[in-house]
Structures are given as C-alpha cells and as structure tokens.
Amino acid sequence: MMAMPFLSVENLRKSYGTREVLRGVSLSCEKGHVTCVIGPSGSGKSTLLHCINHLEAPDSGRVVLDGQLIGYEPIRGRLTALKDHDLERQRRDIGMVFQRFNLFPHMTVLGNITLAPRLTRRMPKKDAAELAMRVLESVGLADRCDSFARQLSGGQQQRVAIARALAMEPKLMLFDEPTSALDPELVSGVLAVMKDLATQGMTMVVVTHELQFAREVAGTVVFMDEGLIIESGAPDEVLVSPKSERTRSFISRLLRSDTGSFE
C-alpha cells in the first residue's frame with residue numbers, strides 16, 4: 001500500500017450562500033515540503049487555508065494531517081464534528097499566520113508569544129518564556145521581547161506573529177499572504193524568516209503573490225482560479241512554463257507589476 005501524504009486535502013467544497021468558493025479542491029503535501037498557492041483575489045486561496053485548519057468547516061471533503069482527520073471523527077460509520085476542546089487540541093498542530101498581525105497591543109512581545117502555550121498547553125510561565133525567547137531568536141527579534149507591538153514596524157510585528165505560531169510547536173504552518181500588508185522595504189525580512197523555516201524542514205502551505213519566493217522555496221506551486229486548481233507542479237513548470245493560458249496570463253500580469261521577470 002502507498003503511504004498517505006503528510007497533509008492530504010481531498011475534494012474540498014465550500015459555499016457562502018449561492019457562491020461556491022471551493023469547487024472540489026484536492027492537494028497533498030509531504031512532510032518538510034513547501035506548497036505555494038497563487039492566484040487572483042477571490043479564487044478561494046484563503047478559504048482553502050481556513051478549511052485546512054478548520055477555522056471554516058468545509059461543506060464536503062476532508063483534510064487529513066499526519067494520519068489524523070481534521071475537524072471530525074467517525075462514529076458509527078458517520079463523520080461527526082469534533083467538540084470544541086477536541087478541535088482546539090488539533091489546531092495546536094497547525095500554526096497560522098494571517099495578512100494582519102493580530103497581536104495584542106496591550107501586551108509585550110513576550111506576553112503575546114507566551115499566552116497560547118500557557119493557556120492551551122498549561123505550560124509553566126518560566127518554560128513558556130524560555131520557549132518564547134528561542135523562537136524570537138529564530139526570527140531575529142530576541143532583543144525586542146519587552147517591546148509592545150505598537151513600538152514595532154509592520155515587518156517586525158509579522159515576524160512576532162510567526163514566532164507566536166512557532167511557539168505552539170506545530171506540525172504544519174499556514175501563511176495567508178503574510179507580506180501583503182507590509183511596505184515593500186519590510187517584505188524581505190519576513191520572507192527570510194520563512195525561507196529559514198523551509199530550510200529547517202517545516203511543512204508549509206503558503207498563499208502568496210511573491211513569485212520569486214515561490215520559485216526559490218516551494219516544492220510545489222498551485223495556481224487557483226474561481227475555486228478550482230487550474231495547474232499544479234514544480235515551480236519552474238508552473239511559473240516559467242505554465243501549460244494553462246489562464247496561468248500564463250496571471251503570472252505575466254503579476255510580473256509586469258513587479259520586477260518584470262524572474263531573477
């Protein structure tokens with residue numbers, strides 16, 4: 001028998017009213033693999049991430065991470081939604097970084113990072129602080145541990161948000177356009193942290209418009225449009241020699257608005 005992928009997304013469908021946002025999306029990701037998802041606004045990329053960690057319950061289909069069905073359990077031959085505390089336990093394995101940083105402005109950087117480990121994992125304060133300092137060191141911000149979020153640049157805040165997710169020691173990291181809210185000069189610091197995570201073997205699904213990053217870091221690039229995966233493959237296949245005219249058009253338009261070509 002073939003081994004099951006580390007992350008398996010199978011035929012996800014999701015609608016809001018009469019609008020079907022995901023129309024049968026399937027993808028897989030091996031452990032330590034980076035998948036970058038690209039596509040126009042409204043194509044379903046963010047909804048896909050939200051369904052992977054069950055912030056949104058799909059209408060049908062399933063997500064399996066490391067052999068565990070996310071959001072449901074089989075009871076007497078039927079899938080039943082997990083209770084909130086069981087779902088929360090599953091989500092500890094899935095780190096999520098959003099477009100906006102969502103840091104608590106009244107707390108220090110250290111306080112923002114230690115909050116979840118202390119509340120959800122019942123980690124002692126000292127241990128949580130030591131863990132927080134390790135992840136802050138990994139994103140280059142150990143010296144800002146006592147700063148408040150409002151005292152940091154947008155790029156620094158996003159790196160703190162990454163550190164906060166890493167403090168839960170997740171199996172999988174999801175990134176939803178993590179650089180889209182940043183000024184251009186702040187983007188490189190966040191991308192560098194993400195590249196380091198990839199080098200260290202973190203399994204990642206990244207929704208991004210940073211095509212150069214996707215080409216350098218991804219093992220697989222997925223192009224989505226109108227709730228469907230139009231094309232999927234190695235970065236040079238999808239980004240440099242796409243098969244679909246829709247993919248070619250999107251990449252060409254994005255490159256024209258950026259550097260004009262790949263480096």
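Predicted model: local features only at pLDDT ≥ 70, side-chain atom pairs only at ≥ 80, totals over all residues.
With a relative accessibility of 37%, Gln68 counts as partly exposed. The residue belongs to strand E5, which covers residues 68-69. Display the surroundings of Gln68 next: apart from neighbours within four places in sequence, Gln68 is in contact with Val63, Gln90 and Asp93. Gln68 and Ser8 are 60 residues apart along the chain, and their C-alpha atoms are separated by 9.9 Å.

Step back to Asp66, in the loop that joins strand E4 (60-65) to E5. The backbone deserves attention here, as Asp66 has a positive phi of about 50° although it is not a glycine. Asp66 has a relative accessible area of 41% and is therefore partly exposed.

Select Glu226, in the loop between strand E11 (220-225) and strand E12 (228-233). Glu226, which is not a glycine, has a positive phi of about 50°. Its relative accessible area is 56%, over the 50% cut-off, so Glu226 is exposed.

Is Thr47 buried or exposed? Its relative accessibility is 11%, which is under 20%, so Thr47 counts as buried. Beyond the residues up to four places away in sequence, Thr47 touches Lys14, Tyr16, Val21 and Leu22.

The cysteines are the next stop. How many disulfides does the model contain? The count comes to 0 with a limit of 2.5 Å between cysteine sulfur atoms. Select Cys29, which is in no disulfide; the nearest cysteine sulfur is that of Cys36, 10.0 Å away. Cys29 is buried, at 1% relative accessibility. Select Cys36 in turn: this residue is likewise in no disulfide, and its nearest cysteine sulfur is that of Cys29, at 10.0 Å. Cys36 also counts as buried, with a relative accessibility of 0%.

Proceed to a pair of helices, H3 (residues 109-120) and H4 (residues 125-138). Their axes lie 9 Å apart, and the helices pack at an angle of about 120°. That angle makes H3 oblique to H4. The crossing of H3 past H4 is right-handed. To see the contact, show the side chains of Val109, Leu110, Ile113, Thr114 and Arg118 on H3, together with Lys125, Ala128, Ala129, Ala132, Met133, Val135 and Leu136 on H4. By class, these residues comprise 9 nonpolar, 1 polar and 2 charged.

Finish with helices H5 (residues 154-166) and H6 (residues 184-199), which pack at an angle of about 20° with axes 8 Å apart. How are H5 and H6 oriented, roughly parallel or roughly antiparallel? An angle of about 20° is under 35 degrees, so the two helices are roughly parallel to each other. H5 and H6 make a right-handed crossing. On H5, select Gly154, Gly155, Gln158, Arg159, Ile162 and Leu166; on H6, select Leu186, Gly189, Val190, Val193, Met194 and Leu197, which together make the contact. The contact of H5 with H6 has 7 nonpolar, 4 polar and 1 charged residues.

Conventions: Residues numbered from 1 in each chain as written. Heavy atoms only, no water. Axes fitted to C-alpha atoms, helices over the stretch in contact; angles between N-to-C directions. Helix = DSSP H or I, 4+ residues; strand = E, 2+ residues; numbered from the N terminus. Parallel < 35°, antiparallel > 145°, perpendicular 65-115°, else oblique. Left-handed = near helix turned anticlockwise from the far one by under 90°. Contact = heavy atoms within 4.5 Å. Nonpolar A, V, L, I, M, F, W, Y, C, P; charged D, E, K, R; others polar. Buried < 20%, exposed > 50% of the residue type's maximum accessible area, 1.4 Å probe, protein only.
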